[in-house]
Structures are given as C-alpha cells and as structure tokens.
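Hi everyone, thanks for coming. I'd like to walk you through one structure today, so please have a look at the screen.

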Amino acid sequence: MNIKSDSFLQFLRQNKYKYNVIFLYGYNDGLVDLLFRDTIKILEVDENDPFLVSKIDANELKENPTILNDNLSTISMFGEKRFILLNLLYSTLSKNIEKIILDNINADNKDYYLIIKAGALSLKSTLIQFLQSSNNCILVACYDENRDNVRSKLYNLFNRYNLVF
C-alpha cells in the first residue's frame, strides 16, 4: 500500500500494528531517516532489547544473505513479534539484495515487523512492484517537494493563523 510521506505518521498511528513491512525510500535521505525514527517511536520499539530487535545493514546482508531469514524466523522468547530494522539507506540496492528481501517476506511467517529504510529506487524495481501489490506492507516514497508546493503550504498555513508577510 502506497502512503504519501506527509500523511504516513498519522496513518501509522491509526494502523499501528496492522502491517508487517514498512518500506521507507527515496532521494530525500533526511526525510527517510526522520520517518524511520518516528516509526520506531510510534511502534514503541526498544532498540536496546536484543530479544525483540535486530538491526541489519546492507554490508551484513551482502556478507551473510541468510541473516534476514534467520532474524525473521526467530521466535521471540516472550511471545511478542520481533522487530527487524534493515538499513539500506546509503548503499546500492542490487538485484541480489532485492531477491533476498523478496524471498524472505514472501514466507508464511508473520511474527515480525520489518522496517526498511533505503535510498532511491526505480518504480520498475521488482521489490517496489511487489510491495505495492502487497496487503501486508506500507510503502512510503520520500522525495523533495517542489517549490510551488512548499510555497502553497506555507501560504495556507499563514492564512489559517491570519499572518501577513
């Protein structure tokens, strides 16, 4: 499911644990990182709990392709769903990495939350196309807004509060 970046956090609050995969990507690295941090806060992820949270980056995934499967398959000792934080933001998403992700999120196991942050990807990417059609995924594209759009939003905000400049 595609969600616009400006309405994502509100949508997430209303659908807190409904989706197993959250994929944040785009050219705007700052927005991707900000939404990633806010997602972790909204979902109340304790990043310091090694029993519930696993952090994986692109280098680990390249060196050990089974690490994602291992973490997605691990059952929590306390019966809660596990959080897997996958950081692909500053690396090139190769076809091999896409395949690793696709192979693992296609599995029947849904006892996890996979939160992925990545850089820009083509809409024709196999991963993007799969996630767009999935009922179990939130897909958020993070791109810079154009100047006219920002100007319009600021104008509307100033008008709402009767501010004149």
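First, the ground rules. This is a predicted model, where local features need pLDDT of at least 70, side-chain atom pairs count only at pLDDT 80 or more, and totals for chains, interfaces and linings use all residues. Residues are numbered from 1 along each chain as its sequence is written, and side-chain values use heavy atoms, with hydrogens and water left out.

Let's begin with helix H5, which covers residues 95-105. Helices here are DSSP runs of H or I with at least four residues, strands are runs of E with at least two, and both are numbered from the N terminus. The buried residues in H5 are Ile97, Glu98, Ile100, Ile101, Leu102, Asn104 and Ile105. By buried I mean under 20% relative accessible area, while exposed is over 50% and partly exposed lies in between, using a 1.4 Å probe and protein chains only. What covers them? The cover includes strand E2 (21-25), helix H3 (58-63), helix H4 (67-73), strand E4 (82-88), strand E5 (112-118) and helix H6 (126-133).

Now look at asparagine 104 in that helix. Asparagine 104 counts as buried because its relative accessibility is 11%. A polar atom of its side chain sits 2.6 Å from the backbone oxygen of isoleucine 100. Beyond its neighbours within four places in sequence, asparagine 104 is in contact (heavy atoms within 4.5 Å) with Leu68, Asn69, Leu72 and Tyr112.

Next, how do H5 and H6 pack? Their axes are 9 Å apart and meet at an angle of about 25°. The axes are lines fitted to C-alpha atoms, for helices over the stretch in contact, and angles run from 0 to 180 degrees between N-to-C directions. So H5 is roughly parallel to H6, a label for angles under 35 degrees; over 145 is roughly antiparallel, 65 to 115 roughly perpendicular, and the rest oblique. On the H5 side the contact uses Glu98, Ile101, Leu102 and Ile105, and on the H6 side Thr126, Leu127, Phe130 and Leu131.

On to the rings. How many aromatic pairs are there? The count is six, where rings of Phe, Tyr and Trp (its six-membered ring) pair if their centres lie within 6.5 Å, with planes under 30 degrees apart stacked, over 60 edge-to-face and the rest tilted. One of them is the tilted pair of phenylalanine 11 and tyrosine 19, at 5.9 Å centre to centre and 40° between the planes. Phenylalanine 83 and tyrosine 113 form a stacked pair, at 5.0 Å and 25°. That pair links distant parts of the chain, with phenylalanine 83 in strand E4 and tyrosine 113 in strand E5, 30 residues apart. Phenylalanine 83 is buried at 8% relative accessibility, and tyrosine 113 is buried at 9%. Ring pairs also join Phe23, Tyr25, Tyr27 and Tyr143 into a cluster.

Back to phenylalanine 11, in helix H1 (residues 8-14). Phenylalanine 11 is buried at 18%. Leaving out residues up to four places away in sequence, phenylalanine 11 touches Met1, Ile3, Tyr19 and Ile138.

Finally, isoleucine 42 belongs to helix H2 (residues 29-42) and is buried at 12%. Apart from neighbours within four places in sequence, isoleucine 42 is in contact with Leu9, Leu12, Arg13 and Lys16.

Methods:
A polar contact is a pair of N or O atoms within 3.5 Å; within protein, one must be able to donate a hydrogen and the other to accept it, and residues adjacent in sequence count only if both atoms are side-chain atoms.
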